[in-house]
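Subject: Structure handover and findings

Dear colleague,

Please find below the structure for your records. My notes on it follow directly after.

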2 protein chains.
Amino acid sequence: MSSDPASRTDVIAALSELLGERLSTSPSERDLHGRNEAHFALALPDAVAWPETTAEVSGILRICSRHRCPVVPWGTGTSLEGHALAIRGGISLDLSRMNRVLAVNPEDMDTVVQPGVTREALNEELRATGLFFPIDPGANASLGGMAATRASGTTAVRYGTMRENVLALEVVLADGRIIRTGTRARKSSAGYDLTRLFVGSEGTLGVITELTLRLQGQPEAISAGVCAFPSVAAAVDAVIETIQMGIPMARMELLDETVARAFNAYAGANMAESPHLMVEFHGSEAAVAEQADRFGEIIKDHGGGPFQWSLKPEERNALWKMRHNAYFALKQLRPGAVGLTTDLCVPISRLAEAVTETQADLAQHPEMGGGIIGHVGDGNFHALLLLDPDNAAEMTIARDLAHRMAERALRLGGTVTGEHGIGMGKIGYMALEHGPAWDVMAQLKKALDPENLMNPGKMVQVN
Amino acid sequence: MSSDPASRTDVIAALSELLGERLSTSPSERDLHGRNEAHFALALPDAVAWPETTAEVSGILRICSRHRCPVVPWGTGTSLEGHALAIRGGISLDLSRMNRVLAVNPEDMDTVVQPGVTREALNEELRATGLFFPIDPGANASLGGMAATRASGTTAVRYGTMRENVLALEVVLADGRIIRTGTRARKSSAGYDLTRLFVGSEGTLGVITELTLRLQGQPEAISAGVCAFPSVAAAVDAVIETIQMGIPMARMELLDETVARAFNAYAGANMAESPHLMVEFHGSEAAVAEQADRFGEIIKDHGGGPFQWSLKPEERNALWKMRHNAYFALKQLRPGAVGLTTDLCVPISRLAEAVTETQADLAQHPEMGGGIIGHVGDGNFHALLLLDPDNAAEMTIARDLAHRMAERALRLGGTVTGEHGIGMGKIGYMALEHGPAWDVMAQLKKALDPENLMNPGKMVQVN
């Protein structure tokens, strides 16, 4: 299916009538919404729309449905697999003006937000309540985008992913119908779990226009620390034992020797050039101290240590700031390079194997060897490859490395992406990972979007 | 749609060829599978099938699909809303012979089981591993049935429901296709969440033939206790504060004055005739003691107490045995009565209101007034009504009371069932709770089961 200019003139005229200046065909806006944070080529929408209400989203979808015009929801554009690119043209539906926090319910520890609210804006709004929203994918993404891509991040080991933290949604379907899924009740056995069907559907089934989210109480005390290990396997074994002992880790990040080297060179760190774990504990003062002590005992048994931990916010913030800036520190290992980042997730018993094999693979191309960072409690890790943008051969090598990572994930009983998603980047692995279940996804897509207008070409394949 | 005897003769012949003696049309087996634990009328299947493999389930569904014969999966028959009744005839698919634990992975803290394994059998099998499966709906249900009905129970406040504890499924679709959803990885952003779509679908989308489940480590220490409150509102306020403080309760059950009275009369208890909370803490010895102390402080602020707690397994077991037998104790308040039990779930800030209104409603019919027991941390509670089976007027009154509970749940922003499910008992509330989202459920059902053969007449309405 390619863009049909004649029909697009009609749809743009109809949308302009609905939205006035909030519908733009300006080259600069189309260009802005045609770019992505990763390595995918520019893909311009025919126009960009900025709805302000659910009714407007519904109106836009009715018009687009009538004209068979694709619609691609846009949050902050921070996804890594080209999710929000209008690869078949159509309308980029920018939800950034739907950015109000509609309700905060401290007794129920939940909040109702519009999709354009970013996670940092929400946490700023919550500051006085003693509550916070824990999911932290790194980027300051919009909550609608985070739900659509089933985002997670460093805190998922304790608080879950968007899957566990969305209680209810309002969604506009391809034909403009507005539905509500779920309620503010914590659980229900009344009907199909439509909330979980839309969480992670990457805009291919409808547009999320409102979210009800679980919140957490700010822990009374937080401690964080870091320790070195002789090998990735030793670090992973320590993690497995920690989880089996029921120590409730709030964060548990693995970084490899390359990342340690980058932190030393570019982030002022003074780490052994070996694998490390960065951890955080949440709880009462007594609980946090006990957890850190017990964790310290476990890592000793696995050759790790010394374990340096602190209750001081400034030391903790410095630690996580360094972690969040790993991408930039790593990129400085190869000045001028562009980064290609990919992720996989396996059962934790296979994680050491997955990391070690990937490291061996990367070692074949030392000039491109970025580092490995993992949300190790989830069995999830990221590899960053550093590419010379003027060397086409390197892109091929990088794609081969990423391809072998995906195959490795499946061979080890895992998934080709723990949190980055499918978008256009990993659609080629869907049949491999899901087999006939991928056909079932296409059947569901066809049932709700028979004309394949919602973010076409992503995640599912219909026709 | 009514049973078509001619066509059923053909289907039974074909199934007999496949299954031999594991296909029965005997009146006694049909009668056994036509009964239910609740008040619904006998509904006989035309035959009962006992498959032993996924391939056989697939073969059965292919045959039934060809003959347009309904298939109703059967676990242990312990559901409360008539889920497993073959109300349009057809085949009762009894999965009790698919009862093997296929794998236990201690490092990954997961297990792979067939659907006929009961939760008690699984926990027996896990005993030596230091792991356990936490979901406890009371009945010794099959794990396939628990997934199909999105079961939860007393421990959901800590460990979640089946929604959070199923990692992956194997499912046979209406046309006999076998699919696998999810992997053993803890998280994924690769595709629609089919696992969560089948969890809670009550057999209307396919037959679950294998489950991968999360396990938990046996806590090092467990303490449990009970305390009285001056009112339901005071107990609920204490619960809200406990959750806001981040005290990780493992169980938190509310019981009203009627239940306390029944426990005193028929379970050897010596409780004040007032609302009570029964609680349990899991963790290290130090953590459990700290949690109990902090909880003790909170309840004092809400007029509760004294808080008696114990680390002794025998005292704890006696407490939860009494809780699990509440139904039987309550029934003795009115000898000869039959029980009608129903549940709802609301945001916890509205729970006191929901319970108090329901108590006032029950007080209009003191002879039928059973008690109220709630999984209060989830905002979920159950009411038991005691009916004279020879008095038709009482069934009408009971239905009215249950109807007002459902309306109350929706008015207070909740759901008509937190854990009992829809089945045939609550299908009349689906449109009310979900609005146009119920139509979306029907669209999904039609996409996967166009002939409406999988447990027809339950949860969704298609024509």
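Which backbone atom lies 2.8 Å from a polar atom of the side chain of A:N36? In this predicted model, the backbone nitrogen of A:A38 is found at that distance. The side chain of A:N36 also has a polar atom 2.7 Å from the backbone oxygen of A:F40. A:N36 itself sits in the loop that runs between α2 (27-32) and β2 (47-49) of chain A. Its relative accessibility is 18%, and A:N36 therefore counts as buried, the limit being under 20%. When neighbours within four places in sequence are set aside, A:N36 is in contact with A:A41 and A:L85.

The relation between the two chains

Chain B can be superposed on chain A with an RMSD of 0.0 Å, by a turn of 180° and a shift of 0.0 Å along the axis. The two copies are thus related as by a two-fold rotation axis. Of the interface residues of chain B, 100% are also interface residues in chain A, so the copies meet through the same surface.

The interface

In this interface, 79 residues of chain B are in contact with 79 residues of chain A. Between them the chains bury about 6300 Å², of which 56% is on carbon and sulfur atoms. On the side of chain B, the residues that lose the most area to chain A are B:K187, B:S189 and B:Y192, which together account for 16% of what that side buries.

B:K187 also takes part in a salt bridge: its side chain meets that of A:E419, at 2.9 Å from N to O. In total, 6 salt bridges are found across the interface of chain B and chain A. Polar contacts across this interface join 43 residue pairs, both residues being at pLDDT 80 or more. Several elements of chain B each supply at least two residues of the side that touches chain A, among them α7 (162-165), β9 (178-181), α9 (232-244) and α11 (285-301). The element of chain B that gives the most to this side is α17(B), with 10 residues.

Cysteines

The count of disulfides over all chains comes to 0. A:C345 has a relative accessibility of 0% and so counts as buried. B:C227, with a relative accessible area of 2%, is buried as well.

With kind regards

Definitions and conventions
Residues are numbered from 1 along each chain as its sequence is written. Chains are lettered from A and ligands numbered from 1 in the order in which they are written. This is a predicted model: local features need pLDDT of at least 70, side-chain atom pairs count only at pLDDT 80 or more; totals for chains, interfaces and linings use all residues. Side-chain values use heavy atoms; hydrogens and water are left out. Copies are superposed by least squares on the C-alpha atoms of residues with pLDDT of at least 70 in both. Contact means heavy atoms within 4.5 Å. A disulfide is a pair of cysteine sulfur atoms within 2.5 Å. Buried means under 20% relative accessible area, exposed over 50%, partly exposed in between (1.4 Å probe, protein chains only). Buried area is the accessible area (1.4 Å probe) that two parts lose on being put together, summed over both. A salt bridge is a side-chain nitrogen of Lys or Arg within 4 Å of a carboxyl oxygen of Asp or Glu. A polar contact is a pair of N or O atoms within 3.5 Å; within protein, one must be able to donate a hydrogen and the other to accept it, and residues adjacent in sequence count only if both atoms are side-chain atoms. Helices (H or I, at least four residues) and strands (E, at least two) are DSSP runs, numbered from the N terminus.
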